[in-house]
Amino acid sequence: MFTIETGSGFWNPIIWAISIAIAFLLIYVIRSIGKKEYKKDTEQVKSFLSGNPEYEKEKMHVKASNLYWGFTTSLKGLYNLLRKMHTGNTSDYVLWFVIILAIFFLIEVI
Amino acid sequence: MIYNIPYIAVAALILLGLYALIFKRNLIKMVIGITLIESGVNLFLITLGYRKDSIAPIYTSSPGGTMAFPVPQALTLTSIVIGVAVLALMLSLVVHIYRHYATLDVSKIRRLKE
Amino acid sequence: MNIPDYTIAMVVAIPLLGAFLTPLVSKINDKIRNIFVILVLALNAGLVFLLASEILTKGIKTYIFGAKDLTFPIVRILFEVDAMSIFMAIISSILVLIAVIYSWAFMKENTGLDKYYTLILLLTAGMLGMVLTGDMFNFFVFLEISSIASCALIAFWTDVGESVEAGFKYIVISSMGALFVLFAVALLYGQYNALNIALLSNLIQYTFLDKIALVLLIIALAMKAGIVPMHMWLPDSYGSAPSSVTVILVSATLASLYGVLRVIFTLYGNALSTLIRFDISVNVLIGWFIVALAVISIIIGVTMALIQSDFNRLIAYGAVAEIGYMFLGIGAGIVALGTAYGKIALNGGIFHIMNDALDVALLFLVAGSIYYATRETSLDKLCGLARNMKYTTVFFIIGLLAIAGMPPLNGFASKILIYESTFQINPILAIVAILCSILLLAVFVKVFFSAFMGPKISKYSDVKEVPKSMLISMGIIASIIVFIGLFPDIIISNIVEPASNALIGYSEYVSQVVGGL
């Protein structure tokens with residue numbers, strides 16, 4: 001009732017849940033063996049910003065379009081091609097349909 | 001050869017409809033293009049039911065002889081009614097678009113750009 | 001208990017009757033109209049589940065319109081329901097019920113709601129007719145009914161320019177696809193003088209005109225399902241429609257995917273093993289083409305989703321990527337027809353239809369809740385909503401983990417079937433699928449960070465949690481998702497296995513109609 005058999009293996013969510021629980025237990029045990037030098041509500045827990053002046057929190061929130069700037073800029077060739085492909089023009093939508101129809105026609109029929 | 005003319009007309013209508021849909025920029029011309037494709041497919045459906053030297057498939061006071069198939073004619077009637085409904089919907093949407101965008105050029109109605 | 005045959009026709013007739021009665025009922029009171037629509041849809045869902053329990057144990061049922069038995073020549077319209085049809089009908093009826101419960105509170109301030117509910121009931125009748133029918137021209141008629149009704153629902157907010165533009169693009173693309181389907185049906189009718197799917201499957205020989213009809217049917221129905229590069233109408237229409245309408249649109253798109261399956265496996269079932277040039281059989285050629293389009297769909301869907309800044313369009317591009325996963329599983333099943341791993345690929349693809357419909361529906365409902373609370377859909381302007389909308393955040397986390405394929409939710413259960421079986425066909429397919437699954441997680445983590453996490457902004461400091469009916473509908477879908485994730489084998493062995501068996505063993509479908517003559 002719980003396992004699915006793929007052709008070359010199996011997947012059982014209950015075994016996964018038990019193993020994740022055992023892993024978390026192990027992590028908690030290892031962590032509690034370590035040193036306790038954590039003082040709440042002192043300077044030790046504030047985040048450290050160096051260099052730039054610190055604004056208030058509302059202005060420092062990263063906007064959604066800028067979050068993956070590194071990824072988007074390094075793949076700039078692909079994204080320029082994609083932005084040029086998606087024009088928003090209704091005639092282009094029909095043109096793509098006719099092109100794929102022609103390609104599949106040439107492969108399959110002739 | 002003369003019996004192939006309806007099929008050539010069907011191919012011409014569909015190709016003209018696709019040309020109007022892809023290369024013309026006025027919205028009304030695109031709607032006319034879709035209507036041309038629909039007329040082509042309806043003509044194709046009716047042409048399939050013709051037999052040589054046949055008459056209309058009506059039994060009341062018929063002069064006798066072979067009759068054309070009536071089933072494609074029923075299918076074509078359904079398709080014509082569906083085409084009328086789609087045409088009415090498209091034209092009312094064109095009226096709404098003109099109120100919002102003040103133009104009928106399809107390359108300028110692109111606020112939903114990707 | 002033996003269920004009478006006319007239950008199949010009642011499943012399509014009850015929403016149609018409800019659609020005609022709704023404007024009359026809405027003259028009495030608004031609340032009575034809402035309760036009437038929910039009762040009609042609940043009755044319909046009950047009939048579908050009753051029918052499912054009978055079909056999954058006993059076999060195919062047919063219903064003949066206008067006669068008691070079939071006599072030769074077959075001119076009647078039939079509804080023929082096998083396990084694959086009832087699988088799609090279960091998904092459709094659950095999603096429509098959830099959408100109507102959601103739109104009790106979501107659409108409350110809009111006017112013209114009697115037309116809205118009438119159109120939803122018409123769309124339900126069209127979708128259920130599309131999946132239950134056994135006749136090709138009837139399929140075309142229901143396809144047109146559902147596309148006209150959904151176009152009017154997409155353009156429902158006519159005061160916003162983008163909705164009307166999206167509705168126009170949808171109806172142009174949709175009617176073009178349907179007209180090419182009609183052209184292919186006319187080609188098949190002209191050759192064999194038959195419109196019934198089972199009869200055509202018996203008579204088909206793979207001539208030149210049959211090849212043209214196959215090409216037209218597959219590409220037109222795949223365009224309506226949203227395969228790249230013909231997918232561009234999908235973000236426009238999913239992104240500008242009201243969110244409860246988008247949930248029903250997802251189910252209508254999947255009904256076109258069912259059309260592709262029915263055409264390839266049942267209509268051309270006899271012709272799939274003929275050999276053409278270079279000794280390649282037909283199913284290998286069609287299968288590799290579908291797999292190629294599916295891989296391009298996954299990559300382009302995920303990479304375009306990464307740069308969007310509008311919430312609804314982002315989820316719509318995620319839906320394009322998920323349609324790619326479904327086609328990947330189905331295409332791998334067509335390529336490896338007859339082997340063991342091909343059957344598992346087909347199982348994975350069909351199971352993913354149900355999982356993805358639920359996940360994408362939950363995400364669209366969350367997007368609708370945020371629009372209802374803040375009147376804002378752009379991710380650049382939202383910030384810090386998790387403080388006030390706690391339940392919505394929990395549902396969004398469940399939807400995020402499910403669509404990215406994280407264990408133990410239901411996305412992983414179907415994706416592991418697809419990964420392991422496509423690996424044996426070509427390792428590159430499985431590698432692309434896993435990488436793009438991780439990218440999909442990145443896309444939705446971006447949404448979670450920018451919309452829900454973050455500091456408290458004064459503009460959104462007094463948003464309230466959404467009303468109870470919206471929370472109930474999101475809760476139902478989330479609990480189904482968690483249930484399927486924890487007990488995957490119940491769903492696979494009882495609902496998905498009979499469906500893929502019915503597709504591969506098409507001779508039973510054919511012999512139900514032709515065998516007795």
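This is a predicted model: local features need pLDDT of at least 70, side-chain atom pairs count only at pLDDT 80 or more; totals for chains, interfaces and linings use all residues.

Student: How should I read the interface of chain A with chain C?

Tutor: The size of an interface is often given as the accessible area lost when the parts come together. Here we can count residues instead, and 37 residues of chain A are in contact with 47 residues of chain C. On the side of chain A that touches chain C, at least two residues each come from strand 1 (4–6), strand 2 (9–11), helix 1 (13–33), helix 3 (76–85) and helix 4 (90–108) of chain A, and helix 4 gives the most, with 11 residues. Sorted by class, that side of chain A has 23 nonpolar, 10 polar and 4 charged residues.

Student: Which secondary structure elements does chain B have, and in what order do they run?

Tutor: Chain B has 3 helices and 0 strands, and from the N terminus its elements run α-α-α. Its radius of gyration is 19 Å, whereas the globule rule gives 13 Å for 114 residues, so chain B is more spread out than a compact globule. Along the principal axes, the C-alpha atoms of chain B fill a box of roughly 60 × 30 × 20 Å.

Student: What percentage of the residues of chain B count as buried?

Tutor: Of the 114 residues of chain B, 29% are counted as buried.

Terms used. Residues are numbered from 1 along each chain as its sequence is written. Chains are lettered from A and ligands numbered from 1 in the order in which they are written. Two residues are in contact if their C-beta atoms, placed from the backbone, lie within 7 Å. Helices (H or I, at least four residues) and strands (E, at least two) are DSSP runs, numbered from the N terminus. Ala, Val, Leu, Ile, Met, Phe, Trp, Tyr, Cys and Pro count as nonpolar, Asp, Glu, Lys and Arg as charged, and the others, Gly among them, as polar. The radius of gyration is taken over C-alpha atoms; the globule rule is 2.2 Å times the number of residues to the power 0.38. A residue is buried if 20 or more other C-beta atoms lie within 10 Å of its own, exposed if 12 or fewer, and partly exposed in between; C-beta atoms are placed from the backbone.
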